[in-house]
Amino acid sequence: MEVPTSWDSLRKQARKLEAQLDEQMNVYRKLVSTNVSTKGDAAESDVESWIERLIKQLQQVNSHMQAWVSSGGSDMVSHTLTRHQEILQDLAQEFYRLRSSLRAKQEHASLLDDFKEFDRSRLDLEEGGESEQHTLLKEHASISRNTGHMDGVISQAQATLGALVFQRSTFGGINSKLSNVSSRLPTVSNILSAIKRKKSMDTLILSLVASVCTFLILIYWITK
């Protein structure tokens, strides 16, 4: 993806990617609401890959916009960047949540199929008597259930990791913006420093008061 060099170009690129991402999310929502199969199909995989690619591209554009703001952009530019970051965060978090929900549905359907297959096989074996195949079938059904459960847990962990990584990048941008504001407004920086000193002094005073009270209670308890 070619990186735009001006703020207006960055905004246009961000809006274009947001529109494409929102369109793909509508398709994905329908897939999640109607999917009842135990395994994902090609259409589902294609949509997920396309959404992940759009999220990465939009993150890159937002990073370039953040760099533009940090270099001395106006308050209006900063507000525009914040809005684009919020849109990306909402869409990304919804995608991770829907993907996790879809994996859970597929795991549940797979477990039901395993149970049905096991019951059918068990009835067939009971009619023909106990055998070594019966034991092997039980072990196979147990392994299938455990494997399905592990796949679901791994999928949810990956979704959570993706959300945490995205939030980390968002918080990094917020910290950078705060630093930029502080450097441009020395008065704000001085006020923040004064607040920190006041907080430290209050903490020290409270600690001294607590220590004195504890000492007096100890003296009273000993002399009582």
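Phe95 has a relative accessibility of 0%, so this residue counts as buried. Buried here means under 20% relative accessible area, exposed means over 50%, and partly exposed lies in between, with a 1.4 Å probe and protein chains only. The model is predicted, so local features need pLDDT of at least 70 and side-chain atom pairs count only at pLDDT 80 or more, while totals for chains, interfaces and linings use all residues. Residues are numbered from 1 along each chain as its sequence is written, and side-chain values use heavy atoms, with hydrogens and water left out.

Consider the whole chain next. The protein chain has five helices and zero strands, and its elements run α-α-α-α-α from the N terminus on. Helices (H or I, at least four residues) and strands (E, at least two) are DSSP runs, numbered from the N terminus. Of the 224 residues in the protein chain, 29% are buried. The accessible surface of the chain is about 15,100 Å², and carbon and sulfur atoms hold 60% of it; such areas come from the Shrake-Rupley method with a 1.4 Å probe, and for residues only the protein chains shown count as cover. Among contacts with a separation of 6 or more, 76% join residues 24 or more positions apart, where contact means heavy atoms within 4.5 Å.

Helix α1 covers residues 7–34. The expected span of a helix is 1.5 Å times one less than its number of residues. The buried residues of α1 include Trp7, Leu21, Gln24, Met25 and Tyr28.

Helix α2 takes up residues 42–70. Its 29 residues should span 42 Å, and its end C-alpha atoms are 42 Å apart, which agrees. After α2 comes Gly72, which has a positive phi, near 125°.

What do the helices share? In soluble globular proteins, nonpolar side chains tend to be buried together. A nonpolar core is a set of buried Ala, Val, Leu, Ile, Met, Phe, Trp, Tyr and Cys residues joined through side-chain atoms within 4.5 Å. The largest such core has 25 residues, and Leu21, Tyr28 and Ile51 touch the most other members. At least two residues of this core come from each of α1, α2 and α3 (75–128). Helix α3 gives the largest share, nine residues. Leaving out residues up to four places away in sequence, Ile51 touches Leu21, Gln24, Met25, Tyr28 and Phe95.

The aromatic rings come last. Rings of Phe, Tyr and Trp (its six-membered ring) pair if their centres lie within 6.5 Å; planes under 30 degrees apart count as stacked, over 60 as edge-to-face and the rest as tilted. There are three aromatic pairs by this rule. Trp7 and Trp68 make a tilted pair, 6.5 Å centre to centre with 35° between the planes. This pair links helix α1 to helix α2 across 61 residues. Trp7 is buried at 10% relative accessibility, whereas Trp68, at 35%, is partly exposed. Phe95 and Tyr96 are also a tilted pair, because their ring centres are 5.7 Å apart and their planes are at 50°. Tyr96 counts as buried at 13% relative accessibility. Ring pairs join Tyr28, Phe95 and Tyr96 into a cluster.
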